[in-house]
Amino acid sequence: MKKVAWSSILVVAVLLAVGVTADAQQPTKIPRIGFLIGTSPTANAARVEAFRQGLRELGYVEWKTIVIEWRYAEGKLDRFPALAAELVRLKVDVIITSGPSVTRAAKEATVTIPIVMT
């Protein structure tokens with residue numbers, strides 16, 4: 001039950017940050033989410049799947065109605081700045097981070113892209 005609540009809250013926060021509205025029309029620009037995680041894909045598999053499930057429940061289809069740019073630091077703190085800068089170059093609409101160190105790197109990479117810390 002906690003995973004469902006967490007994913008629902010996170011999805012709502014991201015969508016509010018992106019400014020996406022639920023219209024019957026096809027959006028002219030597909031929203032891009034940058035997801036910056038300090039660990040590996042396998043270490044966060046349950047959270048990532050909960051996030052994707054929350055998006056699906058809201059009608060979003062990855063690579064069709066929303067794009068998620070996943071970046072993993074694999075536990076290497078020195079990779080945070082480069083990964084955050086890469087997401088900024090990709091012009092994502094919002095960056096989701098997974099902790100204070102990652103969030104700090106994202107904040108140092110941009111002052112214009114909203115950052116949501118999980």
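Reader: How much of the contacts in the protein, at a separation of 6 or more, do residues 24 or more positions apart account for?

Author: They account for 60%. Contact means heavy atoms within 4.5 Å. The model is predicted: local features need pLDDT of at least 70, side-chain atom pairs count only at pLDDT 80 or more, and totals for chains, interfaces and linings use all residues. Residues are numbered from 1 along each chain as its sequence is written, and side-chain values use heavy atoms, with hydrogens and water left out.

Reader: Which elements does the protein have, from the N terminus on?

Author: They run α-β-α-β-α-β-α-β. That comes to four helices and four strands. Both are DSSP runs numbered from the N terminus: helices are H or I, at least four residues, and strands are E, at least two.

Reader: How many of the 118 residues count as buried?

Author: The share is 41%. Buried means under 20% relative accessible area, exposed over 50%, and partly exposed in between, with a 1.4 Å probe and protein chains only.

Reader: Which residues of helix α3 are buried?

Author: Start with the general idea. An α-helix has 3.6 residues a turn, so residues three or four places apart point the same way. In α3, residues 80-89, the buried ones are F80, L83, A84 and L87. They cover an arc of only 100 degrees around the axis, so they lie on the same side of α3. The arc is that of the directions from the helix axis to the C-beta atoms.

Reader: What covers the buried residues of α3?

Author: The cover includes β1 (32-37), β2 (67-72), β3 (94-97) and α4 (100-109).

Reader: At what angle do α3 and α4 pack?

Author: Two packed helices are described by the angle between their axes and the distance between the axes. Here the angle is about 50 degrees, and the axes are 8 Å apart. Axes are lines fitted to C-alpha atoms, for helices over the stretch in contact, with angles from 0 to 180 degrees between N-to-C directions. The angle makes α3 oblique to α4. Under 35 degrees is roughly parallel, over 145 roughly antiparallel, 65 to 115 roughly perpendicular, and the rest oblique. From α3, F80, P81, A84, A85 and V88 make the contact; from α4, S101, V102, A105, A106 and A109 do.

Reader: Which residues have the most contacts inside the largest nonpolar core?

Author: A nonpolar core is a set of buried Ala, Val, Leu, Ile, Met, Phe, Trp, Tyr and Cys residues joined through side-chain atoms within 4.5 Å. The largest has 14 residues, and I33, F35, F51, I68 and W70 have the most contacts inside it. Elements giving two or more residues to this core are β1, α2 (45-57), β2 and β3. A second, separate core of 12 residues includes L36, A73, A84 and A105.

Reader: Is E69 buried or exposed?

Author: E69 is buried, at a relative accessible area of 11%. This residue is found in strand β2. E69 and I33 are 36 residues apart in sequence, yet 6.1 Å apart in space, C-alpha to C-alpha. Beyond four places in sequence, the contacts of E69 include R32, F35, W63 and L87.

Reader: Where is W63, and what is its phi?

Author: Most residues other than glycine have a negative phi, and most peptide bonds are trans. W63 has a positive phi of about 75 degrees. W63 sits in the loop between α2 and β2. W63 is exposed, with a relative accessible area of 56%. E74 also has a positive phi, near 55 degrees. E74 lies in the loop between β2 and α3, and is partly exposed at 41%.
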